[in-house]
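I opened a new model today and kept notes as I went. The entries follow the order in which I looked things up.

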Amino acid sequence: MQHHFRAFSFVDRIRAFTPGQHIRGAYQVPVGADVFPLSLVAEAVGQLAAWAAMATVGFTHRPVAGLAGRIELGTGPQPGHWLELEAELESVDAEAVAYAGRARAGGEPVIRLEHCVGPMLPVVEFDDPQALRERFELLRGGGATPGLFGGLPELTPVPAESEPGRLMRATLAVPAQAPFFADHFPRRPVFPGSLLMHANLQLAAALAAQLPPPAAGGRWTVGFVADMKLRSFIPPGSVLALEVRLDEL
């Protein structure tokens, strides 16, 4: 499969690994990337933790979806930047993995994930276990060739209803086919939760743009995402209903 480990893989190197405890790696944001949203940095940290979890249980199970207690958002990386990725496994077995992680670029914080839990499901339902073992050894050895990510298809929420400054609804059409499904996942395509997060942040930014600025010359930004939960798999071709609402100002 030509897009496997290319279209939605965000770990190029694994620099250190202690089974069941800790993993450290890196990913280079492609030089020609027009946009590399913070949601994909969160994806990179999650993928690094997934490699650690799979390797710890012998590639029989893998984490899929789950929850994040808190995602702190910093400044997005620039094209060509190397992301230094790190994750600590709090617990891992064939049922679930609990972890925390972070990413830095140029020594500056980019993102931090806290209190994350991913249910573990049989690898064979989603991917080829042997292909994953070989990829893991490549990442721990010479590393993968950087810069293979070709970007994302158009995934812009379409406005459906709004109350200016208070409420915004939109729909998001999940592609029936897209290169990233070859990585997420070859045997059971699932729309990535990180891309759903990106769409929701886009909608939140559109609502924030309707609000009065917080101070002279200031602007609203998203500082963190709390209690993010993915409750079910999203198959190709789905149409999602999105909503953001202002609770207080």
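Entry 1: A cavity here is a set of points, on a 1 Å grid over the protein atoms alone, where a 1.4 Å probe fits but cannot get out. I noted 13 lining residues, with Ser9, Asp12, Tyr27, Thr145 and Leu148 the closest to the centre of the largest cavity. Lining residues have an atom within 4 Å of a point. I sorted the lining into seven nonpolar, three polar and three charged residues. Ala, Val, Leu, Ile, Met, Phe, Trp, Tyr, Cys and Pro count as nonpolar, Asp, Glu, Lys and Arg as charged, and the others, Gly among them, as polar.

**Entry 2: ground rules.** This is a predicted model; local features need pLDDT of at least 70, side-chain atom pairs count only at pLDDT 80 or more, and totals for chains, interfaces and linings use all residues. Residues are numbered from 1 along each chain as its sequence is written, and side-chain values use heavy atoms, with hydrogens and water left out.

**Entry 3: helix H1.** I turned to H1, residues 38-56. Helices (H or I, at least four residues) and strands (E, at least two) are DSSP runs, numbered from the N terminus. I found 18 of the 19 residues of H1 buried, so the helix is largely enclosed by the rest of the structure. Buried means under 20% relative accessible area, exposed over 50%, partly exposed in between (1.4 Å probe, protein chains only). Just after H1, glycine 58 takes a positive phi of about 75 degrees.

Entry 4: Histidine 4 sits in the segment before strand S1 (13-18). Is histidine 4 buried or exposed? Histidine 4 is buried, at 17% relative accessible area. Its side chain makes a polar contact with the side chain of aspartate 127, at 3.1 Å. Such a contact is a pair of N or O atoms within 3.5 Å; within protein, one must be able to donate a hydrogen and the other to accept it, and residues adjacent in sequence count only if both atoms are side-chain atoms. Glutamine 2 also lies in the segment before S1. Glutamine 2 is exposed, at 64%.

Definitions and conventions
On a 1 Å grid over the protein atoms alone, a cavity is a set of points where a 1.4 Å probe fits but cannot get out, and a pocket is an open set with protein on both sides within 12 Å along at least five of seven lines; lining residues have an atom within 4 Å of a point. The expected span of a helix is 1.5 Å times one less than its number of residues.
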